[in-house]
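The sequence and the structure come next, and the description follows.

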Amino acid sequence: MRIMHVLNHTRRLNGNVHAAVDLACAQAKLGNTVCMASGGGDFDGLLARDRVETVFVDQQRKPLTVLKSLWALRRLIRDWKPDIVHAHMMTSAVLSVPACRLSSTPLITTVHNAFEKSAVLMGLGTCVIAVSEAVGKSMQERGIAASKLHVVLNGTIGSARFEGRDRTPAALRSPSILFVGGLHPRKGLPDLLEAFRLAHKEYPGSHLYIVGGGPFEAAYRQLAGETGCASAITFVGPIDEPFPYMLGADIFVLPSHADPAPLVLPEAREAACAVIGTDVDGIPQLLGFGEAGILVPPRDPQALAAVLCDLLADPARLDMWKAKSQLHINNLTIERVARETLGVYRSALSPGAEVVPA
């Protein structure tokens, strides 16, 4: 199959980009001919290495640039002749709609962030992929027909981005608690800081590591300084490869207030952390609805602190949840994501279309 992905850019530290790059490389590995049309970025070298053709299409939201991009994308689709165009962001989807209609090419869109108001525009696709059951339900409630929606749960294990990655565990003070994510309110870090303050009173040997950066870093550092246990909290900052921290951690916590299907959870499970996540959006599905990780209510530091104390108090219980993180973990591979996505593509093609199977 000839597959063209359309993406605003290919820069690091963006979950939508990571998911699209992972998918494109996995599809090429399965024998498909794959192209990435984007504004370029950090992953272009990786894409080329994995036999994904890259074509520059500037997708900045400027009136003149948009007009040029429409023409460039229309010409690219005409010349490259994809069987399927797959858009992953709102801008890329809006640009792709007229170009696909002019060429009668099916357009697939993926809703990565259902909480954004503009996500409803992804319904312009021939088929719409939701990255979790929760996202699919949300999009139906916003008017997208169930007949167009397909759920393909996010997964990252085995992705091209991780080939040759460092698997040496970081030297962390045990028992260690780890957070990896952007430092902005949606990720709920203040809840974790308060929960850690409460748990640290009972277990003063525990330590919290915070990996990530963002606009609220200064505010969160100040909050950490007010906990009374600031010496037990380490802000690592943003890093390209947090996996060694996951390998070195005992407990991974994702206290999000909203999170459609965070890619960090398959990584934490692959690293065999005991995982705690909030019962919101796609987090329960990524944790096997409580079988592979502990679910807590969002915005409830006391409930989170109680779970932390349970794990810190009982090494056997901690080990049990580390083992549980491996339950059905093969469902979180990028190969499964790629194969299910190819199934969505085939459903969008006309019955008489000639497609080389992967």
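## A cysteine in helix α4

C100 is buried, with a relative accessible area of 3%, where buried means under 20% relative accessible area, exposed over 50% and partly exposed in between, computed with a 1.4 Å probe and protein chains only. The place of C100 is in helix α4, which covers residues 90–103; helices (H or I, at least four residues) and strands (E, at least two) are DSSP runs, numbered from the N terminus.

Once its neighbours within four places in sequence are set aside, C100 is in contact with I77, V85, T105 and L107, a contact being heavy atoms within 4.5 Å. C100 and I84 are 16 residues apart along the chain, and 9.0 Å separates their C-alpha atoms.

## Basis of the model

This is a predicted model, in which local features need pLDDT of at least 70 and side-chain atom pairs count only at pLDDT 80 or more, while totals for chains, interfaces and linings use all residues. Residues are numbered from 1 along each chain as its sequence is written, and side-chain values use heavy atoms, with hydrogens and water left out.

## Overall architecture

The protein chain contains 13 helices and 13 strands. Its radius of gyration is 21 Å, close to the 21 Å that the globule rule gives for 358 residues, so the chain is as compact as a globular protein of that length; the radius is taken over C-alpha atoms, and the rule is 2.2 Å times the number of residues to the power 0.38. Along the principal axes, the C-alpha atoms fill a box of roughly 65 × 40 × 40 Å.

Of the 358 residues, 55% count as buried, and among contacts with a separation of 6 or more, 67% are made by residues 24 or more positions apart. The chain exposes about 14900 Å², of which carbon and sulfur atoms supply 53%, the areas coming from the Shrake-Rupley method with a 1.4 Å probe. There are 35 positive and 34 negative side chains, and the centres of the two sets lie 7 Å apart; Lys and Arg count as positive and Asp and Glu as negative, without His and the chain ends, and each charge is placed at NZ of Lys, CZ of Arg, CG of Asp or CD of Glu.

## The nonpolar cores

In soluble globular proteins, nonpolar side chains tend to be buried together. Here the largest nonpolar core has 86 residues, and those with the most contacts inside it are M246, F252, I276 and L308; such a core is a set of buried Ala, Val, Leu, Ile, Met, Phe, Trp, Tyr and Cys residues joined through side-chain atoms within 4.5 Å. Helix α11 (residues 301–313) contributes the largest share of this core, 7 residues. Apart from this core lies another, of 18 residues, among them I3, I129, A338 and A348.

When residues up to four places away in sequence are not counted, M246 touches L178, V180, F252, V264, E267, A268, A271 and C273. V307 lies in helix α11 and is buried, with a relative accessible area of 15%. Beyond its neighbours within four places in sequence, V307 is in contact with I276, I294 and V296, and the C-alpha atoms of V307 and V296, 11 residues apart along the chain, are separated by 8.2 Å.

V344, in helix α13, counts as buried at 4% relative accessibility. V344 and L149 are 195 residues apart along the chain, and their C-alpha atoms are separated by 9.4 Å.

S325 lies in the loop between α12 (315–324) and α13 (334–348) and counts as buried at 0% relative accessibility. Leaving out neighbours within four places in sequence, S325 is in contact with R269, A272, C273 and A292.

## Backbone features in loops

Most residues other than glycine have a negative phi, and most peptide bonds are trans. A272, although it is not a glycine, has a positive phi of about 65 degrees; A272 lies in the loop between α9 (264–270) and β12 (274–278) and is partly exposed, with a relative accessible area of 28%. R51, also not a glycine, has a positive phi of about 65 degrees, sits in the loop between α2 (44–49) and β3 (52–56), and is exposed, with a relative accessible area of 59%.

The peptide bond from S174 to P175 is cis, with omega near 0 degrees, and P175 lies in the loop between β7 (149–151) and β8 (176–180).
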